[in-house]
Amino acid sequence: MTRAYGGKGRKRKLAEPKYDRQEDQDYHQEDQQPQPKRQEPEQQQPPADNNEELPGIPIAPTELQTDKPNVIFILEKASLEVAKVGKTYQLLNSDEHGHFLRKNNKNPGDYRPDITHQALLSILDSPLNKAGRLRTVYIKTEKGVLIEVKPYVRIPRTFKRFSGVMLELLQKLSISAAGKREKLLRAIKNPVTQYLPLNSRKIGLSYSSDKLVTMRDYVSTIPSNTDLVFVVGAMAHGKIETDYTEDYIAISGYPLSAAYCIARICNALEDMWKIL
């Protein structure tokens, strides 16, 4: 009996470790292995992945544009640059690609596409845009690529999704509306001045300007029938230098983010145009 009991005990001791090892392998397979599998399609084939998840960009509900004066925003020196990192092409940003950028003698602090993302959300979410008074947004990248953004495009809220859209845009040069052929974002030919209204007032904004103004007071001095063009820097530091702006102003005694600067502009125009 003792021998038989010992034999069963040995069987259990042999069987239990096998089960534990198998269970442990299954656990690690479930917990660890799917992570690279989920990321692999995004990294290796970003356009194909975006086509599956982003068949098109949604259109946000806005009022139709009127014959009343409109506003145009130009985001200068936007950090939107694609590079091959490992085996995949990615939109460079300081958080994810710091090691890659330093290895290639580039300052990670210069690669901030999140600034452009926040600025676009500030513009497109504004009552000014929803009332149909935003004509267009133009983005001029640090590398000189000019991008046109329609006012009724619905930009992704999360930065990861936004990066996927920008990556697809810079690779395919345009992104259409969901279920339609209309191009909501597209790369266009320079210079940006050929797309601006003839009677428009072109205003550059920077903290470094000696002309400090209150935004509401400033816009009230502009003729009511004039289209307005505001040029805002979309970079982490430095200042914009363009040859097409007629005025160059600062709207605060403190440095402001591009998104907050745009919010002040929109608020002032909404007050002047009675948009609630």
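Me: Leaving aside its neighbours within four places in sequence, which residues is Phe230 in contact with?

Reply: Start with the word: a contact is a pair of heavy atoms within 4.5 Å. With neighbours within four places in sequence set aside, Phe230 touches Val71, Ile72, Phe73, Ile74, Ile203, Leu205, Met215, Val219, Ile265 and Leu269. One caution before we go on: this is a predicted model, so local features need pLDDT of at least 70 and side-chain atom pairs count only at pLDDT 80 or more, while totals for chains, interfaces and linings use all residues. Residues are numbered from 1 along each chain as its sequence is written, and side-chain values use heavy atoms, leaving out hydrogens and water.

Me: How many residues does the largest nonpolar core have, and which have the most contacts inside it?

Reply: First, the idea: a nonpolar core is a set of buried Ala, Val, Leu, Ile, Met, Phe, Trp, Tyr and Cys residues joined through side-chain atoms within 4.5 Å. "Buried" is under 20% relative accessible area, "exposed" is over 50%, and "partly exposed" is in between (1.4 Å probe, protein chains only). Here the largest core has 52 residues, and Phe73, Leu75, Leu185 and Phe230 have the most contacts inside it. Its largest share, seven residues, is supplied by helix 9. Apart from this core lies another, of 12 residues, with Ile72, Val229, Met235 and Ile240 among them.

Me: What does helix 9 look like, and how far does it reach?

Reply: Helices (H or I, at least four residues) and strands (E, at least two) are DSSP runs, numbered from the N terminus. For a helix, the expected span is 1.5 Å times one less than its number of residues. Helix 9 covers residues 258-272, which makes 15 residues, and its first and last C-alpha atoms are 21 Å apart, close to the expected 21 Å. Its buried residues include Ile262, Ile265 and Leu269. Among the elements that the buried residues of helix 9 pack against are strand 1 (71-78), helix 5 (113-124) and strand 9 (228-233).

Me: Asp271 is in helix 9 too. What does its side chain make a polar contact with?

Reply: A polar contact is a pair of N or O atoms within 3.5 Å; within protein, one must be able to donate a hydrogen and the other to accept it, and residues adjacent in sequence count only if both atoms are side-chain atoms. The side chain of Asp271 has such a contact with the side chain of Arg216, at 2.6 Å. Asp271 counts as partly exposed because its relative accessibility is 41%.

Me: Is helix 5 mostly covered or mostly open?

Reply: Mostly covered: 11 of the 12 residues of helix 5 are buried. The cover includes strand 1, strand 4 (134-141) and helix 9.

Me: How do I read the pairing around strand 4?

Reply: Two strands pair if DSSP finds at least two bridges between them. Strand 1 and strand 4 run parallel, paired over six bridges, and Phe73 has Val137 in strand 4 as its bridge partner. Strand 4 is also joined to strand 5 (residues 146-149), antiparallel, by four bridges. There Val137 sits opposite Val149. Strand 4 and strand 5 make a hairpin with four residues between them, and Gly144 in the turn has a positive phi of about 95 degrees.

Me: How many aromatic pairs are there?

Reply: Rings of Phe, Tyr and Trp (its six-membered ring) pair if their centres lie within 6.5 Å; planes under 30 degrees apart are stacked, over 60 edge-to-face, and the rest tilted. That rule gives three aromatic pairs. One of them, Tyr138 with Tyr195, is stacked, at 5.9 Å centre to centre and 25 degrees between the planes. Tyr138 belongs to strand 4 and Tyr195 to the loop between strand 7 (183-188) and strand 8, 57 residues apart. Tyr138 is buried, at 3% relative accessible area, while Tyr195 is partly exposed, at 26%.
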